[in-house]
Structures are given as structure tokens and as C-alpha cells.
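Here is my note on the structure you asked me to look over. Please read the points with the display open.

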Amino acid sequence: MRHIVIVGVLLLSIVALRLVWIQVVNHDWLSERAEARRTNVVSISAKRGTIFDRNGNVLAISVDCKDVVCDPTTITYTDSRDDKKTGAADAVADILVEVLGGDKNTYLEALNRQNTRYAYLARRIDVSQADQIQDKLDEANLTGIYYESDTKRVYRYGTTGSQIIGYVNSEGVALSGLEYYYDSILKGTDGQRVYESSASGGPIAGGVSETTEARNGTDIVISIDIDLQYECEEIISEGTETYSADSGSVMVTNPKTGEIYAACSTPLPDFDNITDVASLNLKLVTDSYEPGSVFKVITTSIGIEDGLLSKDTTINIPAKILVGNDWVTDDDGRNYAMDMSVEYALAQSSNVAMAYYAQNIIGAEKFAAGVEKYGIGQKTGIDFPGESQGIVRKLSEYTGASVGSMAFGQSLAVPLVQIVRAYGAIANDGIPNTPHFLLSKDGEQVQWESGERIVSKATADEETDMMRSVMTEGSGVKGQVEGYDIAGKTGTGEQADENGGYKKGSYVASLCGFANADDPEVLVYVGLNGIPYLAAVSAANVFHDVMEQSITILSIPPASYSN
């Protein structure tokens, strides 16, 4: 008997100690574990900031929508029928197909799912569609369907500007463009909803919950004019087809500020069916090309800035010149030496003259210093993902051919936004601005600082006068717009062959210029990649159309005089 009492006391002691352990020592841990089993945490996406164009047009906005969920155990009729479950799931599926479309069997799989009290039926549907579904469910006396608030991204102008604006997928992840570049500003901070969970661990649709609200993202205003963007996309798409180009690019900027009014490259993206990931790239920014004769503006301005050349400097230019181990000639087939002013040489786009200036007058050291000062081979700082630096030799890496060939835009490869920035400096009295899209965030203007002066105002003015001649009597004539004073330069850049040398009949034909030349308000770059035509008869025509639309839409008046 005594042994039985001892055993009983020991058992009671063990039980008491266990209770103390559970209720006192381990109380918090067990409570947390029980709470975790009873609840389920779901993230609430913050509403992304709205993207506006410079005129206040909404380009991208997050709108309220609904997720449709169900509690499969409560899919039933609410009327007086005896068997309320029979046919209820099938009837709900029919309503979902009627309002949303889709596959009935997919809906039925969720409606009849076992061992859960929570299943998604549809994500991010319009609020009006959710209202339609509920009205039809009410009419049919069906229950078990619930709705949760969500947001989705809507692009008001469809695919127009989509290369710049970018894209956010159905999960709210920014994938490209400014959506990606400024994601930290736009996305905000997600909240969360804590659901009451069922025994299986899944949340109970319609059950008790606690919500921490999301903090919405910041609105931004970008520099593009959506009407001009549309026109540029139409023009470059047509130009790419007309001239059998591999791709084409356009950029329209304000050279005084660096603001980008429009930009695009073909092929343009279609986010409903992305088959070419390269279509997400703005090739002016991400891809590098030999610039060709548009580089001659840089070469001549280096000589003028160093006091070695002027537009009236006249030199007897030979028919051909040795650059490294190769003889360089001009496209006009000239087989004789002739006296040329620098202005004439630029207007006629003489390769021989440019190589002569660089090799015999400017010299390697001053040429390399000028190229570096222009930022060639350096990132511009444009606010767009994937900017390339390009491939440009430093002075220590020059070969015997470097100075002569670079003088007319060969033996280097750069993203052509660097040419846009360089021409912008000439247009802006020698001071460069960073090409950019962002104007303001949360109503506050963003300050973009100008770069250090590249050339003097006098040099910029003299270079501008020579560029006028290109447009009035040189290779840019077809790009001229009546009544406007345009300064520009064409370029027909040969492209390197993977097997060495250059591809025959494959050029980057381009024209970059600004208007009105005395006080420029708009700069246009047009490039057609991989075409068999010279810029004078291809890119110049496309430039004309883009410049004409730009001055019209931006309300830029004609020049008080035109040359």
C-alpha cells in the first residue's frame, strides 16, 4: 500500500511539474506556436506611384481591383432546397466563365479542392467584374465566394512609350524601363493581412483578419511628350521598313536642359507577347555602334577649340591619305587634290580631310584629350537601365591608325546617346547636359546639374555655322525643314564584320541636328542600323519627318531667318 501511495505522489508531482513547464516556463513559446498554426499572413501589394508625361497625361497607373477566392467547404445554395451542395460548384463555375471567360474545369478544380478552406479563383479582375459575379451569385442563391482588394498596373496609352515606361508583371515585379529604373521610388511599401486559419493551415475565406495597410509609392513626372512619342514610333517603324534596316532609333531632346521628349528603337516591344527580349532595349543607350561621320563635328570642334583650325582654314587635301596601313578616300570618288575650307570639308563629309586634320594638325594627344572631354567612351548618366560605356581606346592604347580613323568615326564603338550629349553641348554654347527622363517626384522638381564646359561659346558658335552648311548645301539637305534654321551632320558608319574588316553595304546611317540654330529648343537624332543606303538619302528623310513633328507638337516657331 505504501508503495502505491509513493507511486501516486510521484505521478502527481510529474503532472504538476509538466503543468508548470507548459503554463509558466514554456507559455510564450507554446502560445506563439498555437497562434502560428491558427493564422496565415498574406502580403498586400502597395499601389505603385503613377507615371505622368510632361503635360500631365497619365502613362501608367495602379488601379483598384479584386482577387476572387472561395471556401470550398461553404460552396452551397442558400435557398430552401433539401440538398444545398449538389450542383453548387458547377453553377458557380458557369457564372465565372460567363463573366471572366476561361476554362470551367480550372474553376471547378479550385471550387472542389479538398482539405482547404481557401483557394484562388481569379487574380486582379476589374471591380466591375467582381460586382457582376456577386450579382449573379445573389440571383442564384449561391454562397462561398469572397473578394479581396488588390491593385494592378494599367498603361493608358497601350504600347506607346512602353520601351521607355517599361512593364510591371502580374505579380507586381518591375521588369524593364523606368518602371525598373525607378522601382524603389514607385513601388511603395507592402502591407500584410493576417488571416484566421483552418485546421489544415489554410486561411478561412471570409474569416477574421487583421490588416496592416500598405504605403503607396511615389508619383513621378517624366519628360516625354506622349503625342510626340507616338509620332516618333510611327516614323521610325516606317523608316526601318522603307530602308530595310535591321533596326532604327530616334531621340528628341531639349539641348538646354537634357530633357528627353521622345525616344525609341525598333523593334518596339509588345508586352502581351514578348518574343524578342532585345525589344526592351533602347538601343541608343544599350548598344554600341561605330558612329561614322557624325563624329566629324567632334573632330573639327577639337581643332577649333585648340586654335588650330577655323571654319575658313583652307588646306590642299589630297585625293587619299594613309591611315595606318590603309588608304582612305572620299565617297565622291575624287581622284585629285583640292583646296578645301574646314566648313566645306564638313559639309561634304570628307574622310580624307578629317584624317588629315587629326593626324597632321591636331595630333594624338590633343585629339585624345578632346575626345575624353566630350565624354566619348564614358556613360552619360542617363536614367535608363543598361547604359553601355562603349569601346574607345585611350591615348596609351592608340595604334598607328587610331587618330586618323577615329577622326571620321571609325575604330570606336559607342551608344549613340553619347553623340546626342555631345551635339547638345554644341547647341548649348559648349555646356553639356545629361539626357534624362525624370522631371519630378512627389511634386518636387528634380535638379539635373550641367556638366563642365567642353568648348567655348565661340567654338560652339563656329561649329554651329558649319553644321548649318551641312543642312543647306551638304549631305543633310533632305533633312531640312522649310522655314527653320537647322544645324546638323549626317553619318554613314561602316560596321565591323565578325570575321574582320567591315561588312559590305551595311551602314549605320544617321543624322543629328538642332533647331533653331541660334537658340536651339529641340535636338533630334535619327539612326538606321544595318542598311545599304547612305545617310544623305535615308536617315536625312526620316530626320526631316521627326523634326517636322517635333517643332509642330512642341510649338517651336520658325526662325526669324533661315539659311
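This is a predicted model: local features need pLDDT of at least 70, side-chain atom pairs count only at pLDDT 80 or more; totals for chains, interfaces and linings use all residues.

1. Overall make-up. The protein chain contains 18 helices and 23 strands. Of its 563 residues, 50% are buried.

2. Helices α9 and α18. Helix α9 covers residues 226-242 and helix α18 covers residues 539-553; their axes come within 10 Å and cross at roughly 170°. Angles over 145 degrees count as roughly antiparallel, and α9 and α18 are therefore roughly antiparallel to each other. On the α9 side the contact involves Asp 227, Leu 228, Glu 231, Cys 232, Ile 235, Ile 236 and Gly 239. These meet Val 542, Asp 545, Val 546, Gln 549, Ser 550 and Ile 553 of α18. Sorted by class, this contact has seven nonpolar, three polar and three charged residues.

3. Helices α11 and α17. The axes of α11 (residues 296-305) and α17 (residues 457-473) also come within 10 Å, here with a crossing angle of roughly 140°. That angle makes α11 oblique to α17. The crossing of α11 past α17 is right-handed. From α11, the contact uses Val 297, Thr 300, Ser 301, Ile 304 and Glu 305. From α17 come Thr 459, Glu 462, Glu 463, Met 466 and Met 467. By class, the contact between α11 and α17 consists of four nonpolar, three polar and three charged residues.

4. Thr 76. Strand β4 itself spans residues 76-77.

5. Surroundings of Thr 76. Which residues does Thr 76 touch, once neighbours within four places in sequence are left aside? The contacts are Lys 84, Lys 85, Ala 88, Asn 141, Leu 142 and Thr 143. As for Thr 86, it lies 10 residues from Thr 76 in sequence, with a C-alpha to C-alpha distance of 7.9 Å.

Terms used:
Residues are numbered from 1 along each chain as its sequence is written. Side-chain values use heavy atoms; hydrogens and water are left out. Axes are lines fitted to C-alpha atoms, for helices over the stretch in contact, and angles run from 0 to 180 degrees between N-to-C directions. Helices (H or I, at least four residues) and strands (E, at least two) are DSSP runs, numbered from the N terminus. Angles under 35 degrees count as roughly parallel, over 145 as roughly antiparallel, 65 to 115 as roughly perpendicular and the rest as oblique. A crossing is left-handed if the near helix is turned anticlockwise from the far one by less than a right angle, and right-handed if clockwise. Contact means heavy atoms within 4.5 Å. Ala, Val, Leu, Ile, Met, Phe, Trp, Tyr, Cys and Pro count as nonpolar, Asp, Glu, Lys and Arg as charged, and the others, Gly among them, as polar. Buried means under 20% relative accessible area, exposed over 50%, partly exposed in between (1.4 Å probe, protein chains only).
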